[in-house]
Amino acid sequence: MNSDQHDGNTHHHHHSHLETEAVSGLNLVLTMLLNLLITAAEVAGGLLSGSLSLLSDALHNLSDAAAVAISLAALRFSRRGATLEKTFGFQRLEILAALFNSAVLMVISILLFKESATRLLHPQDINSSMMVGVGAAGLLVNTLAVFLLRRDASRSLNVRSSYLHLFSDALSSVAVAAGGMAIYFWHITWIDPLLTILIGLYVLKESYEIVSDTVQILMEGTPKGVKLEEIYKSVKSLPGIRDLHHVHVWQLGERQINFEGHIDLDKDISISESEKLRREVEATLRDKFGIQHVMLQMEYEGCPGTGLVRDTRSQLI
């Protein structure tokens with residue numbers, strides 16, 4: 001059993017390492033530069049043409065560039081090991097960066113909503129030809145960026161999130177170009193602030209979800225998809241185990257889930273026997289729930305008060 005456990009862990013580590021190495025850092029860099037280029041073009045085009053939707057789409061592109069930069073930084077920092085000063089390594093940096101970028105985007109989106117309301121009440125002339133041209137250029141660049149990340153999106157969840165951002169941004173570029181054509185042919189200038197509001201709502205929704213996820217991670221909340229009741233039933237059903245209690249489950253970064261808890265044994269057994277049970281619990285948590293980093297305290301009638309989750313508030317007073 002020990003040998004199998006060792007082989008399984010070695011295989012998993014090797015597989016994850018290959019996935020990280022297989023992701024192309026060059027493609028991420030090129031994608032980020034393309035997004036920064038089209039962001040600059042859309043900002044200039046928006047200011048010159050008077051199109052607010054171009055400016056909001058520039059915001060969307062800037063968020064994509066930030067997402068790709070975070071993905072690239074995550075790949076680089078994930079290869080750095082833990083140090084004496086940072087025993088958990090640098091995985092939280094990508095979470096902090098995602099929180100900051102998303103919070104800034106939410107503030108900018110709200111400011112664009114205010115400007116859109118003003119434009120709806122007081123329409124302004126818009127250079128629709130420039131709006132269509134820059135929107136079409138944005139579509140071309142975003143399509144190229146999507147193509148660059150398409151292969152790596154299937155190898156890394158981190159890159160996949162950036163890929164989905166870029167794909168949605170290509171759709172918003174279609175909306176901007178179509179809005180420019182509507183203004184050119186039918187002179188309905190109100191469609192520009194309307195598109196701004198729609199794009200802003202999408203950015204606000206995506207940003208809020210990221211902020212919510214990052215706050216959950218930073219607060220060391222139970223990761224999404226982890227059901228403590230199911231874990232409790234699975235562990236408690238193993239032979240020789242009476243109870244599971246004082247459980248803590250949290251995420252260090254986007255991927256790594258940490259688990260710690262106390263295992264109460266049916267009887268007083270030797271260390272070697274308890275080690276066998278510990279490995280069985282680890283295998284259950286890994287195979288059924290995808291939890292790789294596990295810390296267990298094996299005990300026999302060791303805790304006077306039990307409970308799946310321990311309330312520590314009284315200890316802080």
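Among contacts in the protein between residues at least 6 apart in sequence, what percentage join residues at least 24 apart? The share is 75%, where contact means heavy atoms within 4.5 Å. The model is predicted: local features need pLDDT of at least 70, side-chain atom pairs count only at pLDDT 80 or more, and totals for chains, interfaces and linings use all residues. Residues are numbered from 1 along each chain as its sequence is written, and side-chain values use heavy atoms, with hydrogens and water left out.

**Overall make-up**

- The protein has nine helices and three strands; these are DSSP runs numbered from the N terminus, with helices being H or I of at least four residues and strands E of at least two.
- In sequence order the pattern is α-α-α-α-α-α-α-α-β-β-α-β.
- Of the 317 residues in the protein, 42% are buried. Buried stands for under 20% relative accessible area, exposed for over 50%, and partly exposed for values in between, using a 1.4 Å probe and protein chains only.

**Packing of α8 and α9**

- Two packed helices are described by the angle between their axes and by the distance between the axes.
- Helix α8 (residues 228-236) packs with helix α9 (residues 271-289) at an angle of about 140°, and their axes are 10 Å apart. Axes are lines fitted to C-alpha atoms, for helices over the stretch in contact, and angles run from 0 to 180 degrees between N-to-C directions.
- That angle makes α8 oblique to α9. Angles under 35 degrees count as roughly parallel, over 145 as roughly antiparallel, 65 to 115 as roughly perpendicular, and the rest as oblique.
- The residues of α8 that take part are E230, I231, S234 and V235, and they meet V281, T284, L285, K288 and F289 in α9.
- By class, this contact of α8 with α9 has five nonpolar, two polar and two charged residues. Ala, Val, Leu, Ile, Met, Phe, Trp, Tyr, Cys and Pro count as nonpolar, Asp, Glu, Lys and Arg as charged, and the others, Gly among them, as polar.

**Positive phi values**

- Most residues other than glycine have a negative phi.
- E220, in the loop between α7 (191-218) and α8, has a positive phi near 55°. E220 is partly exposed, with a relative accessible area of 45%.
- H246 lies in strand β1 (residues 241-251) and has a positive phi of about 50° although it is not a glycine. H246 is buried, at a relative accessible area of 7%.

- S173 is placed in helix α6 (residues 157-186) and is buried, with a relative accessible area of 0%.
- The side chain of S173 makes a polar contact with the side chain of D57 at 3.3 Å. A polar contact is a pair of N or O atoms within 3.5 Å; within protein, one must be able to donate a hydrogen and the other to accept it, and residues adjacent in sequence count only if both atoms are side-chain atoms.
- Not counting residues up to four places away in sequence, S173 touches E42, D57, G135, G138, L139 and N142.
- M181, also placed in helix α6, counts as partly exposed at 43% relative accessibility. M181 and S129 are 52 residues apart in sequence, and 7.7 Å apart in space, C-alpha to C-alpha.
- T31 belongs to helix α2 (residues 25-49) and counts as buried at 0% relative accessibility. Leaving aside neighbours within four places in sequence, T31 is in contact with V68, A145, L148, L149 and L166.
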